[in-house]
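Here is a short briefing for a reader new to this structure. It goes topic by topic, starting with the terms.

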Amino acid sequence: MISAIQKLANGTIQLTITIPFDEVKKEWESAIDEVVKSAELSGFRKGKAPRNLVEEKIDKEKIREEVLKKLLPIAYTEAVKTHGIKPIINPKIHVERIDDPSTLSESFDGERSRTAHDESKGWQFTALTCEAPVVNLNNYKDNIKNITAKSKIVIPGKEKVEIKFEDIVKALLDSVTAEIPAILVDNETDRLLSQTLEDVKKLGLTLDQYLQSTGKNPQILREEYRKKAENDIKLEFALLKIAEEEKITVEEKEIEEAIKAAKSEEEKTNLQANRYLLASILRQQKTLDFLKNL
């Protein structure tokens, strides 16, 4: 595999990967072999039809799909290792070139060696991904203490001031600096919009009706969700860094207690099957409690 890396200004990482002709050809032939083994043509027993007759009727698009399905994950994983990156999301793949090996092979003789010409005839694709953003917490403790200090002032005859969760979050976000990769924000924005669309459908409304009722257009709605997505991601990674710095952890017994506290057997089963996610949520909650007690 041949790969090149480019770190874009918006924090997105672009990998350009070429799968050499030889490897494409090998998998292409293997995929055709599998089709031949199960092919049923008139006048021949199953799997016994001549290869050339099967190839005439073969759906090359399906062959391409099978070969891509086999080679893309391998090529991407190899490129990630080669360039020493640590992606945190599944890549967005765009295929640049997928020539048909059955036609390309005619330009090479049987003794051919791997050359630059071979490589230029390979399959090429780009993969967009990103690593975890670098977070600078700055003076977040001082800013949050300015908020929580109000709850620590006791005035006889008056109720204790309750601190709003939103105020703590705002103080944290105002303190923290982080460059959130654009691809990460785009993915979360799309997720939020999809969820809203599902909720709107459940109410029996169309998207146009929903937009009319809110006085918004698609552009305004997307921009609002994009801002929310950016803040949500920024908050997530800020809490993660605080948890790491303050050595906030979740014990096994805390996970078990949360599972036992489930309201139904179905919920309990889901939590049991997603213990890692549950641990992350519990750690995040403990981090928020830490901030509230500053």
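Buried means a relative accessible area under 20%, exposed means over 50%, and partly exposed lies in between, using a 1.4 Å probe and protein chains only. This is a predicted model, in which local features need pLDDT of at least 70 and side-chain atom pairs count only at pLDDT 80 or more, while totals for chains, interfaces and linings use all residues. Residues are numbered from 1 along each chain as its sequence is written, and side-chain values use heavy atoms, with hydrogens and water left out. Helices (H or I, at least four residues) and strands (E, at least two) are DSSP runs, numbered from the N terminus.

**Salt bridges**

- A salt bridge puts a side-chain nitrogen of Lys or Arg within 4 Å of a carboxyl oxygen of Asp or Glu.
- The whole structure holds 15 salt bridges.
- Glu224 and Lys216 form one of them, at 2.7 Å from N to O. Glu224 is partly exposed, at 39% relative accessible area. Lys216 is partly exposed too, at 27%.
- Glu252, Glu256 and Arg275 form one network, joined by salt bridges that share partners.
- Arg191 pairs with Glu188, with 2.8 Å between N and O. Both residues sit in helix α8, 3 residues apart, which is about one turn of the helix. Arg191 counts as partly exposed, at 45% relative accessibility, whereas Glu188 is buried, at 17%.
- Arg64 bridges to Glu61, and their closest N and O atoms are 3.6 Å apart. The two lie about one helical turn from each other, because they are 3 residues apart in helix α3 (residues 60-83). Arg64 is buried, with a relative accessible area of 17%. Glu61 is partly exposed, at 42%.

**Nonpolar cores**

- A nonpolar core is a set of buried Ala, Val, Leu, Ile, Met, Phe, Trp, Tyr and Cys residues, joined through side-chain atoms within 4.5 Å.
- The largest core has 34 residues. Which of its residues touch the most other members? They are Leu137, Tyr140, Ile144, Leu172, Leu184 and Leu291.
- The elements that give two or more residues to this core are α6 (140-148), α7 (165-175), α8 (182-202), α9 (207-214), α10 (218-245) and α13 (275-292).
- Helix α10 gives the most to this core, with 9 residues.

**Contacts of single residues**

- Contact means heavy atoms within 4.5 Å. The contacts below leave aside neighbours within four places in sequence.
- Leu184 is in contact with Ile88, Ile89, Cys130, Ile233 and Phe237.
- Glu27 belongs to helix α1 (residues 21-38). Is Glu27 buried or exposed? Glu27 is buried, with a relative accessible area of 18%. Its contacts are Val67, Lys70 and Leu71.
- Val95 is placed in strand β3 (residues 92-97). Val95 is partly exposed, at 29% relative accessible area. Leu68, Gln124 and Phe125 are in contact with Val95. The C-alpha atoms of Val95 and Leu68 are 9.5 Å apart, and 27 residues separate the two along the chain.
- Thr126 is found in strand β4 (residues 123-129). Thr126 counts as buried, at 11% relative accessibility. Its contacts are Gln14, Leu15, Thr16, Lys92, Ile93, His94 and Glu96.

**A helix pair**

- Two packed helices are described by the angle between their axes and the distance between the axes.
- Axes are lines fitted to C-alpha atoms, for helices over the stretch in contact, with angles from 0 to 180 degrees between N-to-C directions.
- Helix α11 (residues 252-260) and helix α12 (residues 265-273) have axes that come within 9 Å and cross at roughly 155 degrees.
- Therefore α11 is roughly antiparallel to α12. Angles over 145 degrees count as roughly antiparallel, under 35 as roughly parallel, 65 to 115 as roughly perpendicular, and the rest as oblique.
- From α11, Ala258, Ile259 and Lys260 make the contact, and from α12, Lys268, Leu271 and Gln272.
- By class, this contact has 3 nonpolar, 1 polar and 2 charged residues. Ala, Val, Leu, Ile, Met, Phe, Trp, Tyr, Cys and Pro count as nonpolar, Asp, Glu, Lys and Arg as charged, and the others, Gly among them, as polar.
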